[in-house]
Amino acid sequence: MTNIKLLVPLALSEVSLQLANGFQTHPFKLSHLGIRTFSTDAVSSSRLTRFSSIAQPTTPDATAALFTETPLNGETVQESSKNDAPLFEGFGKGIVRDYKARLPYYWSDFKDGLNGQSLAATLFLFFACLAPAIAFGGLFGAVTSGQIGTVEMIGSTAVCGMLYSLTAAQPLTIIGSTGPVLAFVACLAQLAQSMNLPFLPLYAWTGLWTSGILFVASLFSGSNLVKYLTRFTDEIFSTLISTIFVVEAVSDVGRTFTSTSSTLTKALETTTQERLLQQVDPQYSACIAQVAKTAYGAKVAALPTLSIPAVLGTTIGRPWLVPIFDLPVWARWAAVLPALMASVLLFLDQNITVRLINNPKWHMTKGRRQGNILDGMHADMLVLSVLTALQSLVGVPWLVAATVRSLSHVQALSKYDEHGKMVGTMEQRVTGFSVHSLIAGVILLPGPRQLLSQVPLSALMGLFMYLGVSSLPGNEMWERTLGFFKDRRLAPRERWSPIPTKVVRRFTYIQWACLALMCYVKQSRLIGVLFPVVIAGLAPLRYALERYGVVKKTYIEILDEE
């Protein structure tokens, strides 16, 4: 194994490190695009000690031990480096590896989900997924003149969510529509209008091209590109999604506060929820609060409620199947251009979220190589590509891994010891399937559909805001920002505390500037279609910060450490 070399960027010095289990010292030469070129598996198992040298193994067996099967929390996992595969792999190799590792646990995924914690998570996630579906459905209806609306959004969320939970290699991921996808569809609708083309056929052809690109990417393990991303990108993207949630919720609440009666009702609803949160088990309080506000909110004042058709059908009564051949032949081929942008957007949106879910801090073990964040991504991309094609043909929103909902799902299933320390995550498929089954029942059955039409929008927007705010704690970009307003002498010591304050501020301000740019581009009618390019540019920017000395390498490796 003497020819195996790993390049390990230092956090506190410029000295080369070597891993304890069989790797030779090698000077670091590759400036990384936000890449961690060391083995995350070896790091997770042996925890790099930050010294200038580490003893080498004396026998080949010690070197080979890195790649042997090691028990972890009662499961057997195959240790392998995050970078042990090339950037692109052979036809279907990544997909086969993902399913081969996960399928042995398929039946246990259902057995392990039959408990009280799963029930509580299901009830919470039902509202947590329904609220964004309704909110984004209304926004899609506004930008597409009703051609894609609330019914299409809820239907797509329900059906595709069930299929994804049953077929994905990472079933804890929740798919749904996101702000970036909405922004892209709005730009596509404007493009169709400016070129006098029918929107839905253009949308369908763009989606079919996008599906094909994602399908090819999954076959050749294109998701390995994720290893070029780091915490720098994760934090910005996660904050963007939280910002979209909070802004949309505040905007809706602001409109509702225009009447005195609505203001009174808001106060009553807030009081009701606070009392429930104080007296009820926290696992169930959010669900009960939503039911209470639904039952009494609309009666106290004339709050706006959801607009749901009395008869199941599309929002404007169009046929479900999109007439794709109504688009001129030239436009069918030209649709590949916006499809390239859509592919970049869906690819990054999906993989950045799954990367957050695969973070070793959640202690997941089923079908996982220790510390590897790429496991399951290729199979999930295959599932996403197929779903994107089906969604395009019937004219419903494209769905991808939803950051806030997915993180809320994992947090609701986290397991803790008696000292409050997280020791694992309940890995199963029951909650994901159950949540989307309930959503399907709401839209398919007349009784629940009638009840849903009485739900005040403000009640769901409150949960919408909660989801956005609750995902911020733990985001170091947000934590560092809060630290600017604290007395450093009294504030708890953080991982980045040894770094000079001005450097921490500079790094964080750059992240906020990137977020502001993304928000601007997303809202722009002229350049909104380039929004995926901005996201893709975060990795090169991370490289440039180090390459040109904006933030010293020693500091940036601490700030951007996985």
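What span should helix H16 (residues 430-444) have at 1.5 Å a residue, and how far apart are its end C-alpha atoms?

Mentor: Keep in mind that this is a predicted model. Start with the length. H16 has 15 residues, so at 1.5 Å a residue it should span 21 Å. Its end C-alpha atoms are 21 Å apart, which agrees.

Now the sides of the helix. The buried residues of H16 are Val430, Thr431, Gly432, Val435, His436, Ile439, Ala440, Val442 and Ile443. Read those numbers with the helical repeat in mind. An α-helix has 3.6 residues a turn, so residues three or four places apart point the same way.

Next, the cover. Helices H4 (106-111), H5, H6 (150-167), H15 (403-412) and H17 (446-452) are among the elements over the buried residues of H16. Strand E3 (175-176) is also included.

H5 spans 116-143, and it supplies at least two residues of the lining of the second largest pocket. H7 gives the most, with nine residues. The pocket has a volume of about 600 Å³. Its lining has 27 residues, and Val143, Leu182, Ala183, Ala186 and Gln523 lie nearest the centre. By class, that lining has 14 nonpolar, 10 polar and three charged residues.

Serine 221 sits in the loop between H8 (199-219) and H9. Its phi is positive, about 60°, although it is not a glycine. Serine 221 is buried, with a relative accessible area of 0%. Histidine 363 lies in the loop between H13 (336-357) and H14 (377-394). Its phi is near 55°, again positive in a residue other than glycine. Histidine 363 is partly exposed, with a relative accessible area of 35%.

Finally, step back to the whole chain. The protein has 23 helices and six strands. Of its 562 residues, 54% are buried. Take the contacts with a separation of 6 or more: residues 24 or more positions apart account for 81% of them. The protein exposes about 24,100 Å², and carbon and sulfur atoms supply 65% of that area.

Definitions and conventions: Residues numbered from 1 in each chain as written. Predicted model: local features only at pLDDT ≥ 70, side-chain atom pairs only at ≥ 80, totals over all residues. Heavy atoms only, no water. 1 Å grid on protein atoms, 1.4 Å probe; cavity = no way out; pocket = protein on both sides within 12 Å on 5 of 7 lines; lining within 4 Å. Points joined across faces, edges and corners; volume = space filled by probe spheres on them. Helix = DSSP H or I, 4+ residues; strand = E, 2+ residues; numbered from the N terminus. Nonpolar A, V, L, I, M, F, W, Y, C, P; charged D, E, K, R; others polar. Expected span 1.5 Å × (residues − 1). Buried < 20%, exposed > 50% of the residue type's maximum accessible area, 1.4 Å probe, protein only. Contact = heavy atoms within 4.5 Å. Areas by Shrake-Rupley, 256 points an atom, 1.4 Å probe, with all protein chains shown as cover.
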